[in-house]
Amino acid sequence: MKKFKKVYIEITNVCNLSCDFCPKTSRRLRFMDKKSFQHIVNSVKLHTDHIYFHLMGEPFLNQNLKGFLDISDESSLKVNITTNGTLISEVKDILLDSQALRQVNISLHSFEANDGHVKFNEYIDNIVEFVKDASEKTNIITSLRLWNLDTKYSASNSRNVDIFEFLEQRFEIKSSLRENLKEKNSFKLKNNVYLSMGEKFKWPSLQVEELGERVFCYGLRDQVGILVDGTVVPCCLDSDGSIALGNIFENTLEEILNSKRAKDIYNGFSGRKAVEELCKKCGFINRVR
């Protein structure tokens with residue numbers, strides 16, 4: 001039986017922000033219900049030990065978050081969540097009380113990519129409060145992300161500098177975060193708390209120029225994604241379900257993975273070749289070595 005390092009589950013494709021780096025989605029906006037989530041967990045629990053609430057959308061908008069975490073715990077699945085962090089104070093207790101939650105990734109770069117209706121001080125204060133409690137009271141890992149550099153050699157922008165200064169003060173960091181992150185892209189702020197920087201990422205799109213087919217990817221090898229409507233996709237970057245392999249509510253995961261399209265993708269990458277048009281236009285894929 002095929003085992004994945006991670007299975008992405010999109011519990012909603014609705015978001016409360018409109019970030020300029022996000023490709024958005026043309027799919028119908030919806031929220032996953034508990035019955036659907038239970039079905040998906042039953043379908044994937046023999047194929048992985050880790051699920052990720054991530055693809056499109058802001059997972060904290062789903063009112064069933066606690067129920068999803070409880071269901072995951074009952075199935076001995078560890079949960080990783082990626083969020084823009086704006087709603088962290090509303091779900092803080094749910095997260096801290098969860099036995100299933102392993103890691104929370106917070107995209108701090110979401111703040112600067114929006115229209116400013118969220119106040120910076122309130123935003124970063126709520127995040128730091130959660131992060132400190134998670135570090136001191138639980139085993140939850142938190143990763144604060146600033147993935148907004150033009151190039152890996154470019155200087156950080158003014159908002160990043162504000163964030164550095166704030167974090168240095170709140171976490172009592174004596175050295176310069178800005179200087180530390182010039183040498184390597186990650187810095188440990190506290191037990192189980194990390195800050196990382198990276199370049200801006202361009203999502204793959206069928207509308208952009210082809211980058212080439214001589215590539216390798218871990219899609220369908222280490223990971224697989226399930227969209228909110230049950231559509232199974234090869235990886236977490238297929239934001240619009242362009243490579244629909246099947247639907248988890250209609251077929252088993254084994255049947256979907258054994259489909260011709262899925263096998264062609266897997267075998268293609270085994271030979272360092274992308275067979276799908278979207279994969280040929282994926283900027284991330286060329287980072288894989």
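Residues are numbered from 1 along each chain as its sequence is written, and side-chain values use heavy atoms, with hydrogens and water left out. Because the model is predicted, local features need pLDDT of at least 70 and side-chain atom pairs count only at pLDDT 80 or more, while totals for chains, interfaces and linings use all residues.

Start with the rings. Two numbers describe an aromatic pair: the distance of the centres and the angle of the planes. Rings of Phe, Tyr and Trp (its six-membered ring) pair if their centres lie within 6.5 Å; planes under 30 degrees apart are stacked, over 60 edge-to-face, and the rest tilted. By this rule there are five aromatic pairs. In one of them, Tyr-8 and Tyr-52 have ring centres 5.1 Å apart and planes at 50°, so the pair is tilted. Tyr-8 belongs to strand β1 (residues 6-9) and Tyr-52 to strand β2 (residues 50-53), so the pair ties together parts 44 residues apart in sequence. Helices (H or I, at least four residues) and strands (E, at least two) are DSSP runs, numbered from the N terminus. Both Tyr-8 and Tyr-52 are buried, a term for under 20% relative accessible area (1.4 Å probe, protein chains only), with exposed over 50% and partly exposed in between.

Phe-53 and Phe-68 form an edge-to-face pair, 6.5 Å centre to centre with 80° between the planes. Phe-53 sits in strand β2 and Phe-68 in helix α2 (residues 65-74), so this pair ties together parts 15 residues apart in sequence. Phe-53 is buried, with a relative accessible area of 1%. Phe-68 is buried too, at 0%. Ring pairs link Phe-37, Phe-53 and Phe-68 into a cluster.

Now the helices. Helix α1 (residues 34-44) packs with α2 at an angle of about 25°, their axes 10 Å apart. Axes are lines fitted to C-alpha atoms, for helices over the stretch in contact, and angles run from 0 to 180 degrees between N-to-C directions. That makes α1 roughly parallel to α2, as angles under 35 degrees count as such, over 145 as roughly antiparallel, 65 to 115 as roughly perpendicular and the rest as oblique.

Last, the hairpin. Strand β6 (residues 186-190) runs antiparallel to β7, joined by four bridges; two strands pair if DSSP finds at least two bridges between them. Lys-188 has Tyr-194 in β7 as its bridge partner. Two residues lie between the strands, and Asn-192 in the turn has a positive phi of about 65°. In β7 (residues 193-199), five of seven residues are buried.
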